[in-house]
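Here are a few exercises to work through with the model open beside you. Try each task before you read its solution.

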Amino acid sequence: MATFVLVPGGWRGSWTYEAVVPLLERAGHAVHALTLTGLRPDDDEATVASANLDTHADDVLRLLDRAGLTGVTLVGHSYGGMVISAAADRAAGRVARLVHLDAYVPRDGESCWSSTTERFREVFAAGAAATGYAVRPPGGGDPRRRPHPLASFLQAARLTGALDRVPRREFVYCSGWEDRTPFAGLRGRLLADPGWRVHELPTGHDAMREAPEAVAALLLAEHDTVTARPTDE
């Protein structure tokens with residue numbers, strides 16, 4: 001039995017994985033889907049204002065401690081890739097697998113802000129204009145989304161290198177929004193890195209909602225997966 005810890009991306013809570021969780025559980029695995037500090041419905045303004053990347057990495061580590069979890073698969077979507085990287089680097093060998101689901105993969109000193117594109121930096125800045133500390137969700141998405149702590153987008157990841165010792169590291173590139181994705185360059189970088197497996201799904205950014213069966217199948221794959229490459233190469 002595997003243990004999955006699912007970390008959402010910006011503005012989202014545990015509900016973003018609601019279609020994937022039962023698929024993993026029906027396969028006999030333990031699943032913990034998190035809502036990060038500052039994004040819970042009852043979080044007050046002070047909690048939102050003070051939450052940063054360290055806070056969110058600590059959310060993951062507290063779960064590992066509380067539940068006594070080892071051999072864990074951490075899954076992070078979008079901004080959640082920052083969180084699982086920071087958490088895995090501090091987890092003292094308790095993480096067996098990382099899956100960055102169309103997610104940032106920081107190097108030491110990089111933040112979500114520095115890793116993304118100018119388009120998304122403009123989204124963050126415009127979204128934070130009203131309060132200066134919380135980024136309102138972009139228009140047109142799920143009404144359950146909540147303002148996201150700006151400090152968590154801005155704080156740089158401080159990585160010791162322990163992250164590189166996680167036995168299995170995977171990146172899932174969602175190719176269905178190639179006109180807007182901030183992950184094209186990251187995909188190229190990881191394809192060239194033998195320490196990473198790169199997969200591709202033909203979905204938009206929210207693959208766990210658009211194609212939950214495909215996401216679950218990828219997470220449940222126990223054999224070595226052939227690195228996905230573009231069909232025109």
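**Exercise 1: a covered helix**

Helix 4 is mostly covered, with 10 of its 10 residues buried. Bear in mind that this is a predicted model. Task: find which elements cover the buried residues of helix 4.

Solution. Start with the residues themselves: the buried ones in helix 4 include Gly80, Met82, Ile84 and Asp89. Now look at what surrounds them. The cover includes strand 1 (3–7), strand 3 (72–77) and strand 4 (95–101), along with helix 3 and helix 5 (112–115).

**Exercise 2: two helices packed together**

Task: work out how helix 3 (residues 53–67) and helix 4 (residues 80–89) pack.

Solution. Take the geometry to begin with. The angle is about 65 degrees and the axes lie 8 Å apart. Angles of 65 to 115 degrees count as roughly perpendicular, so helix 3 and helix 4 are roughly perpendicular to each other. Their crossing is right-handed.

Next, pick out the contact. From helix 3 come Leu53, His56, Ala57, Val60 and Leu61, and they meet Met82, Val83, Ala86 and Ala87 of helix 4. Sort the residues of this contact by type and you get eight nonpolar, one polar and no charged.

**Exercise 3: into the core**

Task: which residues have the most contacts inside the largest nonpolar core?

Solution. That core has 66 residues, and the ones to pick are Val5, Leu74, Phe171 and Leu219. Now follow Leu219: setting aside neighbours within four places in sequence, Leu219 is in contact with Phe4, Val20, Leu24, Val75, Arg97 and Val99.

How values were computed. Residues are numbered from 1 along each chain as its sequence is written. This is a predicted model: local features need pLDDT of at least 70, side-chain atom pairs count only at pLDDT 80 or more; totals for chains, interfaces and linings use all residues. Side-chain values use heavy atoms; hydrogens and water are left out. Axes are lines fitted to C-alpha atoms, for helices over the stretch in contact, and angles run from 0 to 180 degrees between N-to-C directions. Helices (H or I, at least four residues) and strands (E, at least two) are DSSP runs, numbered from the N terminus. Angles under 35 degrees count as roughly parallel, over 145 as roughly antiparallel, 65 to 115 as roughly perpendicular and the rest as oblique. A crossing is left-handed if the near helix is turned anticlockwise from the far one by less than a right angle, and right-handed if clockwise. Contact means heavy atoms within 4.5 Å. Ala, Val, Leu, Ile, Met, Phe, Trp, Tyr, Cys and Pro count as nonpolar, Asp, Glu, Lys and Arg as charged, and the others, Gly among them, as polar. A nonpolar core is a set of buried Ala, Val, Leu, Ile, Met, Phe, Trp, Tyr and Cys residues joined through side-chain atoms within 4.5 Å. Buried means under 20% relative accessible area, exposed over 50%, partly exposed in between (1.4 Å probe, protein chains only).
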